[in-house]
Amino acid sequence: MKKTKELRSILCTVLLTGVLAGCPGAGDAPTEPAATSSQKASDEMVAPAGKLGENVVPTKYDIELTVDPSKASFSGNVSIDVRIKEPTSTLWLHGKELDVSEVYLTDSDSRRIDASYEERLDSGVALLTLEQTAAAGAASIHFAYTAAFNTSANALFKVERDGRDYAVTQFEPIAARNVFPGFDEPGFKVPFELALVTRAADVAITTTPEASVESVGENTVRHVFETTRPLPTYLIAFAVGPYDVVDFGMIPANSVRDREVALRGIAAHGQGEKLTYALKNTDGILSVLEEYFGTPYPYKKLDLIAMPESFGGAMENVGAITYDEYLILMDDDSPLSQRRRYTTVHAHEMGHMWFGNLVTPAWWNDIWLNESFATWIMNKAANGYWPEGEFDRETLKGALGAMSNDSLAAARQIREPIDHNDKISGAFDGITYQKGGGVLAMLERYVGEARFQGGIRLHMDRHKDGTATAQDFISSVAEGSDRTEIEGAFKSFIEQAGVPLMSVSMNCVDGESPSLEVRQTRYAPLGSSIEPDSGKWQVPFCIAFVDGAERKSGCTLITEREQTVELDATSCPSGIMPNADGAGYYRFALDEAGWQALVENAADLAAAEALVLADSLDAAFRADRVSASTYVSGLAALVNHVSWDVSDAATTHLENIANIIDSNKLHAVEQALQKIVKPRFETLAGETGSGNELLQQRMQRFLIVIAKDQAMREPLAGQAALRLGLHGDPDPTAAPADELETIFSIGVQDLGQPFFDLLFEEALNSQDPAFRNAAIGALARVEDPALVERLQAAVLEGDFKGTEMLGIVFRQMIRANTTELTYAWIRKNDTAIIDRIPETFRSSIVPAFGSAFCSVDRADEWQDFIVSHADSLPGYQRSLAQATERVRLCAALRKASADELVTAFAAY
Ligand SMILES: [Zn+2]
């Protein structure tokens, strides 16, 4: 799944800005005792909060659901074939908020044994108590039940839109248990037979093609679907309702696949025509993936479902991928940023068809591998399909972004034990997706692209239709690439948190060949409680340097705390790049002269190396390891780099570091920011269809919003008024689609209530996801206290969808002008606000709101506030620890370095 930047970095979803079975050993914490081996039911039995145990395991599901989205509830008849190891009269399984009317087990002696069903844990762990002891061997459990539809974009949820009712599912990680009883763990991969009883006019979609449909009553039909390949519960999906279905015909056979694949698009009524762009580009992206894996798309058909309500990203359900509308409804003229997002998210979800779906993590502690792999291959596939899009540095940029979180003492390791249901959602974060992607890219570079691919293919071949652990993957890559030494390196990066900091100094002695002294520690910013010597990795360390006129590079595995690296140089190199090609997941540190030498040559660095320079330089300033003047001049040089994304990264560092400066000292800094960024912005005039177009949009926003360029700001309010028709008919040509959010933001801030009210109405009435996103993003930037109050009231009244309201509250919190107003509102309306936030986001996002502050007092207050709501936020601890740590680090940096930074900007 994949999330928006990455609000929902929780499921295998991709969205806002911006998961593993019986794998004993390998760092798993022990689960509760295997209650299934117990011979009698008793109240003393401890419900297993983690794995269910292995005494009773499923072998097949037969599920019939009656789904009418116009009703408040649905009903199910489910038979689960199981294998019982030891005779038992009790068994644990998953079921949540199911109203079970009938349950019995038929054992291997063909006896019907009546049973009782009781849900014991809020996380959906249920106890089945049999009236007699069931024999060992094959058995079958039968359930009849009803359950309420979910209404907050999780499990089986219903959405009413324009008077029509839709139902659709989102199961990952553990919401299948809200829809049918079962063994809701990824390690249990078995075939499913599904049937849906629906209204006659409704469309019914699931994992496999429809096998038959028959009338079973007035206006009621029964759809029967083909049996699935072995699948875990979390990958099952279905949709029922008056959807538009766009039959796009067959994806033709190709050099890898000798059969056709049926392709369709599914969207809410009236939205179908907007699916063409996504459908016509699917074959191309899928073919790149098939060529990489060397095996065909594993399933018979592919449906792309535009969800009638945002759930925060996309989800790789087998044969029926679901997407937020923004990610899939568009055309050739839609904003470049939206088409890029479609390309990577679509590649991510289709990449999961092999990695995650065909080969599935054995338990949730290895969900990181699913997501790391999908993140890594999505950029590779996107780049293969759309080379001009320059997606080849996206994995690196994602990894550099993850280093911010990974620099915290409260950072989590990529692979960590999951011993409780409450911890599963927390396994979907930036560390899982972005750091993991970066670590895979580092290993690929170290062993070589072709050898790494060999390892991936071996892995797919060994484990298809089954499950695999991280150790299985590491073994496949090590054997497939014939580089067994990478096992230790790989483990050192996935089994400990933190960013390696490689401190490098050059050794040039006359008469001896030059060498580097390299010392590795764990990166720790100013004010951090991290002990630098607490981390030690096996780092694939690649350096580049200039020897005379020749660029040379080489890689070595750094395994010791301190190590000498000999350089193949004839004389002392004039400069070194300690992360050649930006391929390594680490930061580097130099002495002041070393930084200055790199900064002076920044323009000549390849884009990937310039990106790691920007990151390491920024990290050095935050750790008090480089002067403010060298830092500022370095970022200024990188703003002027020819590559759009280097320039963008440097501009973003400028924006972030400006946050530590007190508002009364900002004026001089704003002038300097304009001087640094504007010349580069002016070189971008008229750019279309490329990264430079994106850079232009981002720099425009930076110059207006951060650097406070009034001359640039003024025309935009006029454009906003014209585009929306504030004083006449709306003029759709008055503002480019790509710039709508910036333009509307200016309108919201400068044109008062009439504009705010009009935009509010247009946003809520819009069916165009790009427009709606831009409009709501702009509303979230309102600053006038009276209008902020109107926005807050609308949030509480439920005018916005769940993910939309999250985006609004988050933006209002992180923007300095509205932080305190929003904080006061949150304190006053705490319970109402938390209740409005979709359940799947609460525990991770609510604590993160507090990261907007920059004072120790506020960190303490926020800590107390969240802890006082602990009951509503199960599993909140990590998110809270990270948020308050960020606040304390910000306060420490402000105290130590803000004045020096102001002076450096003023001198610029
Ligand atoms: Zn994913």
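Mentor: Buried means under 20% relative accessible area, exposed means over 50%, and partly exposed lies in between (1.4 Å probe, protein chains only). The model is predicted, so local features need pLDDT of at least 70 and side-chain atom pairs count only at pLDDT 80 or more, while totals for chains, interfaces and linings use all residues. Residues are numbered from 1 along each chain as its sequence is written, and side-chain values use heavy atoms, with hydrogens and water left out.

Trainee: How many helices and strands does the protein chain have?

Mentor: Helices (H or I, at least four residues) and strands (E, at least two) are DSSP runs, numbered from the N terminus. Counted in that way, the protein chain has 27 helices and 30 strands.

Trainee: What percentage of the 908 residues of the protein chain counts as buried?

Mentor: The C-alpha atoms of the protein chain fill a box of roughly 85 × 75 × 60 Å, taken along the principal axes. Among the 908 residues of the chain, the share that counts as buried is 60%.

Trainee: Which residues of helix 6 are buried?

Mentor: Helix 6, which covers residues 394-406, has 13 residues and reaches 18 Å from its first C-alpha to its last. Its buried residues are Thr395, Leu396, Gly398, Ala399, Leu400, Ala402, Met403, Asn405 and Asp406.

Trainee: Which elements do the buried residues of helix 6 pack against?

Mentor: Contact here means heavy atoms within 4.5 Å. By that criterion, the buried residues of helix 6 pack against strand 25 (515-522) and strand 30 (587-589), and also against helix 5 (367-385), helix 7 (430-447), helix 12 (607-622) and helix 27 (877-906).

Trainee: Where does Pro173 lie?

Mentor: Pro173 takes part in a cis peptide bond, which runs from Glu172 to Pro173 with omega near 0°. As for its place in the chain, Pro173 lies in the loop between strand 11 (164-170) and strand 12 (192-199).

Trainee: Does Asp465 count as buried, partly exposed or exposed, and which of these words applies?

Mentor: Asp465 lies in the loop between helix 8 (449-463) and strand 23 (466-468), and it has a positive phi of about 65° although it is not a glycine. Because its relative accessibility is 24%, Asp465 counts as partly exposed.

Trainee: What is the relative accessible area of Asp482?

Mentor: Asp482 is found in the loop between helix 9 (470-481) and helix 10 (486-494), and its phi is positive, about 60°, although it is not a glycine. Asp482 is exposed, with a relative accessible area of 60%.

Technical notes. The expected span of a helix is 1.5 Å times one less than its number of residues.
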